[in-house]
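Let me put the model up and then walk you through a few spots in it.

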Amino acid sequence: MTVKVWVIYYSTYGHIKKMADAVKEGINSVEGVEAVLYQVPETLPEEVLAKMHAPPKPDDPVADPHKLPEADAFFFGFPTRFGSPAAQFKSFWDATGSLWQSGALHSKPFSLFTSTATQNGGQEITLQNALSNFVHHGMIFVPPGYITPGTNFDLTEPHGGSAFGPGCLAGPDGSRQPSAKELDFAKAAGANLAKTAKKLKA
């Protein structure tokens with residue numbers, strides 16, 4: 001039976017979307033595991049997004065919080081907003097109260113990824129602060145640790161990511177795109193979650 005991993009993300013300027021694509025590639029590299037991309041609903045009006053110069057949204061389907069129990073595992077991604085997940089993701093997750101009451105997500109594994117404008121923009125604290133949302137559901141956090149030493153221990157160039165999960169640096173104006181090292185870490189973390197989810201479902 002195929003293990004289903006849902007990659008659920010929010011992306012304003014496309015950085016998280018690119019990371020999500022890399023995560024999906026890593027998940028699909030594990031035999032018997034299939035990744036599906038979903039984006040959370042946008043909460044900002046179109047006129048506000050236009051003033052922010054945000055690009056059009058990707059074609060990935062919008063996630064329905066009530067269908068989350070259909071997945072075997074999750075990889076959640078969101079940009080930071082002052083050390084916490086973006087409000088769009090929080091709004092999506094706040095709609096899972098009935099799933100919390102019924103225990104529908106209990107023991108399902110999950111991993112996290114994020115993006116920040118700068119190296120010291122709060123990647124670790126963002127993922128740490130996000131954990132409370134999933135702990136209340138009794139979900140199982142699967143951190144990647146330092147699964148890609150070539151990236152995690154490399155100091156020759158700026159890069160995001162930590163033991164808590166992959167991350168990318170977007171730059172203060174959003175002009176920097178995820179680097180090869182950041183995408184490699186995302187792929188490896190995706191494969192790591194896929195292998196774990198496969199073991200748990202066996």
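So, Asp72. Skip its neighbours within four places in sequence, and Asp72 is in contact with Thr2, Val3, Lys4, Lys108, Pro109 and Lys201, where contact means heavy atoms within 4.5 Å. Before I go on, the housekeeping: this is a predicted model, where local features need pLDDT of at least 70 and side-chain atom pairs count only at pLDDT 80 or more, while totals for chains, interfaces and linings use all residues. Residues are numbered from 1 along each chain as its sequence is written, and side-chain values use heavy atoms, with hydrogens and water left out.

Back to Asp72, which sits in the loop between α2 (46–51) and β3. Helices here are DSSP runs of H or I with at least four residues, strands are runs of E with at least two, and both are numbered from the N terminus. Is Asp72 buried or exposed? Buried, with a relative accessible area of 17%; the cut-offs are under 20% for buried, over 50% for exposed, and partly exposed in between, with a 1.4 Å probe and protein chains only. Its side chain reaches the backbone nitrogen of Lys4 at 2.8 Å, and there's a polar contact from the Asp72 side chain to the Lys201 side chain at 3.1 Å. By polar contact I mean N or O atoms within 3.5 Å; within protein, one must be able to donate a hydrogen and the other to accept it, and residues adjacent in sequence count only if both atoms are side-chain atoms.

Now the strands. Six of the seven residues of β1 are buried, so β1 is largely enclosed by the rest of the structure. It pairs with β2 in the parallel sense over seven bridges, and pairing takes at least two DSSP bridges. Val7 stands opposite Leu37 in β2. Getting from β1 to β2, the chain goes through helix α1 (residues 15–28), and this β-α-β crossover is right-handed: with the strands pointing away from the viewer, the path from the first strand over the helix to the second runs clockwise. β1 also runs parallel to strand β3 (residues 73–79), with five bridges joining them, and Val5 stands opposite Ala73 there.

Which residues touch the most other members of the largest nonpolar core? Of its 25 residues, they are Val5, Val7, Val23, Ile27, Val33, Phe75 and Phe113. β1, α1, β2, β3 and α7 (180–201) each supply at least two residues of that core. A core, for us, is a set of buried Ala, Val, Leu, Ile, Met, Phe, Trp, Tyr and Cys residues joined through side-chain atoms within 4.5 Å. There's a second, separate core of 24 residues, and it includes Ile8, Tyr10, Phe76 and Leu127.

Last bit: aromatics. Rings of Phe, Tyr and Trp (its six-membered ring) pair if their centres lie within 6.5 Å; planes under 30 degrees apart are stacked, over 60 edge-to-face, the rest tilted. That rule gives 17 aromatic pairs. Trp6 and Tyr38 make a tilted one, 4.7 Å centre to centre with 50° between the planes. Trp6 is in strand β1 (residues 3–9) and Tyr38 in strand β2 (residues 33–39), so the pair ties together parts 32 residues apart in sequence. Both Trp6 and Tyr38 are buried. They also belong to one aromatic cluster whose members include Phe92 and Trp93.
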